Amino acid sequence: MSEEKDKQQEKFSRRSFLTKCGIAVVATASCELLSVFSSASAGQVPLCTQCNSFCVTSCTTNTCVNNNPPPPPPPTCVQGFGGKKD
Amino acid sequence: MHEDGCRLVAADAPLKVTQHLLRLEKNGALLLANALRLKPLLVRRGGEFVEQVLAAVRDGRCTRQSLAARWPNDEAVLAFLLAHNILVAADDEERLPGSVPVPAPGEKSHGMSLYLLLSQDCNLGCVYCLNGKRTYRKEAQPRMPETVAFRAVERFAAAIRPGGYLEIALFGGEPLLNWELAKKTIDYTEQVLRPRYPEVRFCYHVTSNLSFLPDDFIERARRHNMTVLCDIDGAGAVHDALRPFKGGVSSHGQIAHNVRQLIGAGVPVSLRTTVTARNQDHMEETARHHRELGGNGSAFVPVNVTNSDEELIGDDLIPDIERMLAAFERVKESGVWSLDRLFPFSTYRAKLQPGNQSVLGCGAPFGNTPVVDAEGNVYPCIYLVGIERYHQGNIIAGTYPRAAVLAELAERLHVDKREDCRVCAWRYLCGGGCPIHLLTMAGQNDISPKARDYCDRINCAHTKKVLEILLWEMADQASRQADGQQGRKEDE
């Protein structure tokens with residue numbers, strides 16, 4: 001039983017993978033986590049100028065926030081007054 | 001992948017839990033995010049274990065090495081927490097610059113919504129009108145003259161950088177009461193300014209009660225791809241109780257007729273609801289009503305309790321915050337509208353993109369929402385018209401811009417400086433939300449407990465609720481996508 005448990009533990013111990021849609025998942029015996037941003041999100045934001053990757057899945061520097069251009073300015077009116085610009 | 005995450009912090013470097021931790025729980029799942037460096041993380045199973053790791057880091061001097069020694073089978077989890085900025089280096093200050101890059105005078109903007117108060121008078125008698133009698137000089141029924149309108153569009157078109165946009169928002173009062181000037185202003189923009197600034201995108205918008213339509217409005221709206229926003233606060237009597245004609249005659253039938261007419265002619269009309277105590281229990285029904293009318297989308301916005309005269313609406317109009325927020329969620333859950341057509345969700349989604357950080361809640365301190373009144377006075381926001389301390393100068397008299405107004409707004413509204421924001425973990429995501437109550441109510445002592453409570457809580461409660469709903473929406477979607485993938489690509 002204990003051997004079986006150990007095997008199970010081993011199976012889960014280093015289970016991390018990227019789904020085809022680019023969502024990073026890690027699953028161990030203790031827990032299962034997934035990244036809400038997929039690597040596909042990189043299409044919506046500038047890539048990291050240093051490693052040319054999207055942070056969550058493959059950036060090796062975690063400096064994207066600093067290296068990317070400044071974030072877009074805030075929306076015009078958060079009371080909903082105004083039209084759609086794009 | 002996770003080894004990359006581990007490289008972020010040396011193995012023997014002390015760790016801490018981010019000070020910007022957002023922690024949400026729903027149906028046994030846990031959602032964690034760092035609001036400064038947003039990479040939300042969904043804990044689908046084993047939330048207690050993750051909490052245990054975070055507690056250990058909070059309790060003592062932990063490093064990656066020491067955590068890995070304690071949980072040798074969960075190194076991948078530790079790396080994941082690091083890669084998602086839930087755990088960060090203990091010496092990471094996790095702060096944004098204390099100053100805001102407000103454009104210097106003369107610096108060009110990427111885009112603006114220029115609000116022209118074509119007519120400061122209106123034919124409706126809304127119970128919560130944001131235009132104060134004194135500041136909007138309603139008794140004089142001011143109409144903007146051509147000189148002011150032309151100077152305004154000229155002035156602000158020159159302030160847009162190539163590739164940027166200028167949205168000319170026809171506003172009031174009721175702007176269609178001065179429709180002739182609206183047309184002349186559009187013509188001037190098309191014939192003079194568009195050739196002068198070929199790299200600037202010009203677009204037109206009208207916020208109108210649509211209680212009447214000028215004969216050529218549809219043709220003009222189509223020709224210029226005009227967007228239209230109209231307030232319909234509920235179906236029939238619900239709307240009429242809040243937005244009747246002056247004198248109390250019902251307006252809903254006429255407005256609904258005109259909305260249908262516009263939509264039938266191919267002019268998109270977005271419909272907006274100001275949420276008060278009188279319609280807070282009808283929000284889902286109102287969303288359906290907007291949809292039935294053919295609206296391009298629905299907006300639900302909590303009422304502001306103060307107008308530009310800094311006068312308060314009655315307590316009987318002030319919504320119950322918790323009831324209203326629950327109703328917001330029901331509207332979203334109803335699926336009547338997709339989120340890209342349901343304000344505020346449509347706008348706040350932009351705040352939940354990778355890399356987004358906000359230290360201010362809206363465009364006013366950046367000078368992105370200038371309002372020009374009938375006499376050429378400029379204010380940073382439609383709610384601040386006529387308030388002397390926010391007067392940026394006059395474009396006809398040559399006193400515009402008083403740059404100090406925006407600089408002071410930016411300084412005062414920076415989330416690291418606002419007393420109500422500076423220790424809040426959400427602040428770099430929400431940017432403090434709409435600051436109108438803070439700007440107009442600060443010195444008010446003669447205020448009822450209900451109004452005070454509403455002013456103190458509504459902005460924060462509303463913004464957080466919307467962001468929470470959206471974070472869960474994104475997490476649930478990622479979870480469904482992950483489950484739906486066959487043949488996962490093994491990382492190791």
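1. Contact here means heavy atoms within 4.5 Å. Leaving aside neighbours within four places in sequence, B:Thr18 is in contact with B:Asn34, B:Asn85, B:Ile86, B:Val88 and B:Glu94. This is a predicted model, in which local features need pLDDT of at least 70 and side-chain atom pairs count only at pLDDT 80 or more, while totals for chains, interfaces and linings use all residues. Residues are numbered from 1 along each chain as its sequence is written, chains are lettered from A and ligands numbered from 1 in the order in which they are written, and side-chain values use heavy atoms, with hydrogens and water left out.

2. B:Thr18 is in the loop between strands S1 (15-17) and S2 (21-26) of chain B; strands are DSSP runs of E, at least two residues, numbered from the N terminus. Its relative accessibility is 4%, so B:Thr18 counts as buried (under 20% relative accessible area, 1.4 Å probe, protein chains only). The side chains of B:Thr18 and B:Asn34 make a polar contact at 3.2 Å (a pair of N or O atoms within 3.5 Å; within protein, one must be able to donate a hydrogen and the other to accept it, and residues adjacent in sequence count only if both atoms are side-chain atoms).

3. In chain A, A:Ala24 belongs to strand S2 (residues 24-27) and is buried, at 0% relative accessibility.

4. B:Tyr115 and B:Phe171 form an edge-to-face aromatic pair, 5.3 Å centre to centre with 85 degrees between the planes (ring centres of Phe, Tyr or Trp, its six-membered ring, within 6.5 Å; planes over 60 degrees apart for edge-to-face). B:Tyr115 lies in strand S6 (residues 109-119) and B:Phe171 in strand S7 (residues 160-172) of chain B, so the pair ties together parts 56 residues apart in sequence.

Note on methods: Helix = DSSP H or I, 4+ residues; strand = E, 2+ residues; numbered from the N terminus. Buried < 20%, exposed > 50% of the residue type's maximum accessible area, 1.4 Å probe, protein only. Phe/Tyr/Trp six-rings, centres within 6.5 Å; stacked < 30°, edge-to-face > 60°.
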